[in-house]
Amino acid sequence: MMSSSFNIFRVGISVVIMCIFYKSAVDSLSELSPQKYFSTLQPGKASLAYFCQADSPRTSIFLEELNEAITPLQDYGISVAKVNCVKEETSRYCGKEEDLMKAYLFRGNILLREFPTDVLFDVNAIVAHVLFALLFNEVKYITTLEDLQNIENALKGKANIAFSYVRAIGTPEHRAVMEAAFVYGTTYQFVLTTETALLESIGNEDIENAHLYFFHCKQVLDLTLQCRRTLMEQPLTTLNIHQFIKTMEAPLLGVPVEFLVLDDIDSLISHVESNVHIEEIQEDEDEDTKSPNMDVQDDEVAETVYRDRKRPLPLELTVELTEETFNTTVVASDSIVLFYAGWQAVSMAFLQSYIDLAIKLKGTSTMLLTRVNCADWSDLCTKQNVTEFPVVKMYKEGKNPVSYVGMLGTEDLLKFIQLSRISCPVNITSVQEAEEYLSGELYKDLISYSSVSVLGLFSPNMTTAKEDFTEAGNYLKGYAITGIYSEEDVLILSDKYAATLPALLLSRHKEGKIESIPLANSHAQDIIQIITNALLETFPEITVENLPIYLRLQKPLLILFSDGSINPQYKKAILMLVKEKHLDSLTPCWLNLKNTPVGRGILQSYFDTMPPLPLLVVVNLHSGGQVFAFPSDQAITEQNLLLWLKKLEAGLENHITILPAQEWKPPLPAYDFLSMMDAAASQHPTRKDPECTKEMDVQENDKKQHEDKSAIIKEPIETLRIKHWNRSNWFKEGEKSFRHDNKEL
């Protein structure tokens with residue numbers, strides 16, 4: 001691992017060479033006696049000593065190279081001198097003749113290393129060996145592929161690696177690597193080898209030349225994946241390595257870079273005159289001009305905007321609105337309007353999703369997709385009650401605009417638009433139409449967006465109950481399919497489905513079943529909660545996108561980890577426990593590591609090594625943070641699961657780990673999206689719209705400017721906080737109110 005301890009070396013390093021006196025070669029070397037030399041040593045400074053007794057031609061070449069090394073060593077804060085051995089002073093370094101063929105490296109008065117002078121054969125060898133000895137923490141020397149793999153695994157998710165191969169220690173390439181390590185050693189882990197077999201094992205057979213690889217390990221969070229490697233193609237010189245490392249610091253390109261090559265000035269003139277656009281490739285290296293918010297920008301947003309900043313968007317698929325065209329456009333047609341700011345990263349990232357939506361809806365939707373750049377039309381955005389960006393609003397003739405507050409993604413917005421085609425709760429007028437509605441035939445093109453259809457059954461005289469249901473349906477518009485039936489023959493449906501009026505019928509199209517829920521004394525907020533619960537899957541596949549939905553249930557997670565599709569027998573066993581109400585206090589789910597690779601990192605945080613799959617665990621995020629694992633030697637059957645769960649409830653099972661009670665907070669209040677969603681969910685809908693009709697029955701209204709006068713912000717089902725859960729005391733530690741909402745599984 002890299003260390004910052006090398007900083008103490010850089011305060012000041014002196015190299016003192018005690019050598020045999022040879023005037024013609026060392027005129028620029030400082031001459032000291034042993035006593036004088038040792039009196040000048042200071043803590044934290046290094047020195048290389050070679051003692052000199054008399055003129056000796058054998059050392060002339062060495063001293064010439066040493067003299068050449070003075071300047072480059074001084075560039076790194078290293079001074080060079082020599083010490084003359086005299087009879088009046090004794091030193092153990094002024095000893096036998098063979099001792100005078102070695103150089104000694106000190107830091108302060110502590111000996112660090114001794115070098116035979118034959119390895120310091122030229123200026124490159126001298127500089128390389130001195131830096132190599134001092135950078136023992138910054139540069140790891142390895143000999144096997146296993147050593148390299150161990151370092152790579154240790155640095156995944158933490159730091160990048162500069163791996164170099166040189167033919168021998170002391171070569172010019174070795175010196176260049178050491179000089180680069182002197183500068184970047186506290187930022188990257190430098191790894192060095194001279195083993196040709198190691199170079200060949202990573203796929204490079206060119207053992208005649210030195211090579212340097214950059215291992216991109218910092219972004220690798222899955223320990224099973226290999227770090228991406230980039231080979232430096234230029235010769236290993238100090239300047240080339242510096243340029244290469246600076247290039248590696250830039251964001252990775254998602255697409256190949258294309259260059260336009262013009263051979264002469266005439267071609268250039270012709271190109272300009274033909275008005276062909278040349279896109280300039282420019283790197284922003286001036287940190288002072290960088291936006292102050294980029295350092296605290298959400299990582300995924302910033303990465304997406306940077307990666308796609310030059311992606312050509314087909315903006316012509318949407319209509320750009322101005323202050324002059326806004327009113328006439330939204331009045332003339334049902335419209336979706338994106339209010340964004342061209343200078344804001346989140347807006348620009350969502351604009352790409354919005355254009356992708358336009359591509360999906362091209363030629364199939366009657367809804368006009370439009371956009372307003374509030375950076376250009378701030379007054380217009382103010383009039384439309386736009387106070388943050390980006391915001392999507394739906395304008396329909398004769399109705400107040402509806403704000404979309406779901407996930408900022410193409411699929412979620414597409415679902416909102418498609419489900420908004422039908423109004424509020426749809427008014428069902430006959431038993432036959434009700435049956436078609438419940439079977440999915442009436443709106444079969446919408447079943448892919450909502451697999452549950454909700455039908456409210458009411459007697460004609462149940463006015464208050466119908467108003468509450470209508471209010472709930474209006475609240476869930478765009479996020480659920482709701483209908484209402486209150487004709488005289490409503491008892492036909494209530495008798496068929498054993499429903500006591502007022503009641504809800506929930507038609508689950510994937511499972512092919514219809515269930516009834518009584519609504520006696522249920523107000524609008526209660527109905528919203530019932531429908532919200534019904535839309536959640538019984539045994540869902542957990543993904544990064546839907547995990548927050550199920551975390552909001554505030555119940556321990558029963559997770560089946562699988563490397564691919566789950567065994568149908570396992571699913572059958574868990575669903576049977578759900579049906580028998582044994583899992584009411586848990587949220588059963590499963591996670592496919594192939595679809596959600598982050599699951600491997602989750603498992604490795606629970607266990608010392610990657611456990612065999614499939615694996616069933618209970619994770620108690622919301623009180624205590626305990627993680628329990630189903631015994632790997634038992635089959636996942638209904639009977640075994642029930643017995644294990646009873647042991648958990650009785651406190652007879654030991655946890656495998658406890659997750660830390662750590663909250664991950666956003667870098668700025670403006671990015672605290674979860675709190676915004678919670679705040680919106682806490683607002684109860686107060687506006688009541690007239691009884692809704694099918695889309696084709698919307699009456700004509702005078703064309704006028706629509707103002708967003710709604711007192712509520714419509715909240716998607718996914719973001720509603722579910723309260724008043726009937727929780728069992730599964731764990732003794734559950735009485736402690738630790739918050740684990742934002743903790744990794």
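Which residues of H17 are buried?

Mentor: The buried residues of H17 are Ala524, Ile527, Ile528, Ile531, Thr532 and Ala534. Buried means under 20% relative accessible area, exposed means over 50%, and partly exposed lies in between, with a 1.4 Å probe and protein chains only. Seen down the axis of H17, these residues fall within an arc of 160 degrees, so they line one face of the helix. The arc is taken from the directions that run from the helix axis to the C-beta atoms.

Before going further, note that this is a predicted model, in which local features need pLDDT of at least 70 and side-chain atom pairs count only at pLDDT 80 or more, while totals for chains, interfaces and linings use all residues. Residues are numbered from 1 along each chain as its sequence is written, and side-chain values use heavy atoms, with hydrogens and water left out.

H17 itself covers residues 524-535. It has twelve residues and reaches 17 Å from its first C-alpha to its last, close to the 16 Å expected at 1.5 Å a residue. That expected span is 1.5 Å times one less than the number of residues. Helices (H or I, at least four residues) and strands (E, at least two) are DSSP runs, numbered from the N terminus.

Next comes the cover over the buried face. What covers the buried residues of H17 includes strand E19 (452-457), helix H15 (463-475), E20 and strand E21 (503-508). Strand E20 spans residues 481-485 and contains threonine 482. With a relative accessibility of 1%, threonine 482 counts as buried. Leaving aside residues up to four places away in sequence, threonine 482 touches Cys424, Pro425, Val426, Tyr437, Val454, Phe469, Gly473 and Ile531; a contact means heavy atoms within 4.5 Å. Ile531 in that list is one of the buried residues of H17.

The loop between helix H16 (490-496) and E21 holds proline 502. Leucine 501 and proline 502 are joined by a cis peptide bond, with omega about -10 degrees. Alanine 498 lies in the loop between H16 and E21 as well. Its phi is near 50 degrees, a positive value in a residue other than glycine. At 64% relative accessibility, alanine 498 is exposed.

Salt bridges come next. A salt bridge is a side-chain nitrogen of Lys or Arg within 4 Å of a carboxyl oxygen of Asp or Glu. Side chains of opposite charge can pair when their charged atoms come close. Arginine 508 and glutamate 515 meet through their side chains in a salt bridge, at 2.8 Å from N to O. Arginine 508 is buried at 13% relative accessibility, whereas glutamate 515 is partly exposed, at 28%.

Another salt bridge joins aspartate 445 and arginine 421, at 2.7 Å from N to O. This pair links distant parts of the chain: aspartate 445 is in the loop between helix H14 (431-439) and E19, and arginine 421 is in the loop between H13 and strand E18 (425-427), 24 residues apart. Aspartate 445 is partly exposed at 40% relative accessibility, and arginine 421 is partly exposed at 28%.

Lysine 360 pairs with glutamate 411, the closest N and O atoms being 3.3 Å apart. Lysine 360 lies in helix H11 (residues 345-361) and glutamate 411 in helix H13 (residues 410-419), so the pair ties together parts that are 51 residues apart in sequence. Both ends count as partly exposed: lysine 360 at 45% and glutamate 411 at 48%. A search of the whole structure finds eleven salt bridges.

Glutamine 554 has a positive phi of about 60 degrees although it is not a glycine, and it is buried, with a relative accessible area of 17%.

Finally, the protein as a whole. It has 22 helices and 27 strands, and buried residues make up 47% of its 745 residues. Among contacts between residues at least 6 apart in sequence, 77% join residues at least 24 apart.
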